[in-house]
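Hi,

Here is the structure I promised to pass on.

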Amino acid sequence: MGVCDETDVVIEDITKCTEHPLTIIVDLMKCAKETGRKYSVRVPYGSVPMNLLMEYAKRIGVSVDFTSEDEYSKFTFYARS
């Protein structure tokens with residue numbers, strides 16, 4: 001299974017991750033840019049620094065939508081038109 005195959009990722013417990021959620025998010029941003037599809041990730045609230053996330057989005061060239069769901073943040077990435 002390739003990194004761009006899964007368009008909706010859920011990380012419920014970051015302590016069980018083998019890499020930081022920001023790494024996974026950056027990979028999904030790159031997928032959104034390359035494929036033109038929307039990708040989303042749901043992470044525990046506060047586990048991803050918003051300033052870093054927005055800087056990576058700017059560098060990669062994707063737009064970001066953010067929603068809050070209970071104790072989680074959901075980020076959706078898509079290629080800028």
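On aromatic pairs, the count in this predicted model comes to one. The partners are Phe 66 and Phe 75, in a tilted arrangement with 5.3 Å from centre to centre and 40° between the planes. Phe 75 is buried, at a relative accessible area of 2%, whereas Phe 66 counts as partly exposed, at 39%.

Rings also turn up with charges over them. The charged end of Lys 38 sits over the ring of Tyr 78, 5.3 Å from its centre. Arg 42 does likewise with Tyr 72, lying over the face of the ring at 3.9 Å from the ring centre.

The largest nonpolar core has 22 residues. Phe 75 is among those with the most contacts inside it, along with Ile 25, Met 29, Val 41, Leu 53 and Phe 77. Helix 1, helix 2 (50-60) and strands 2 (39-44), 3 (62-69) and 4 (72-79) each supply at least two residues of this core, and helix 1 gives the most, with eight.

Phe 77 is worth a click: leaving aside residues up to four places away in sequence, Phe 77 touches Ile 25, Leu 28, Met 29 and Ala 32, then Arg 37, Lys 38, Tyr 39 and Val 41, and also Leu 53, Ser 63 and Val 64.

Thr 15 is exposed, because its relative accessible area of 65% is over 50%. The C-alpha atoms of Thr 15 and Val 43 are 12 Å apart, with the two residues 28 apart along the chain.

Cheers

Terms used. Residues are numbered from 1 along each chain as its sequence is written. This is a predicted model: local features need pLDDT of at least 70, side-chain atom pairs count only at pLDDT 80 or more; totals for chains, interfaces and linings use all residues. Side-chain values use heavy atoms; hydrogens and water are left out. Buried means under 20% relative accessible area, exposed over 50%, partly exposed in between (1.4 Å probe, protein chains only). A nonpolar core is a set of buried Ala, Val, Leu, Ile, Met, Phe, Trp, Tyr and Cys residues joined through side-chain atoms within 4.5 Å. Helices (H or I, at least four residues) and strands (E, at least two) are DSSP runs, numbered from the N terminus. Contact means heavy atoms within 4.5 Å. Rings of Phe, Tyr and Trp (its six-membered ring) pair if their centres lie within 6.5 Å; planes under 30 degrees apart count as stacked, over 60 as edge-to-face and the rest as tilted. A charge sits over a ring if NZ of Lys or CZ of Arg is within 6 Å of the ring centre and within 35 degrees of the ring normal.
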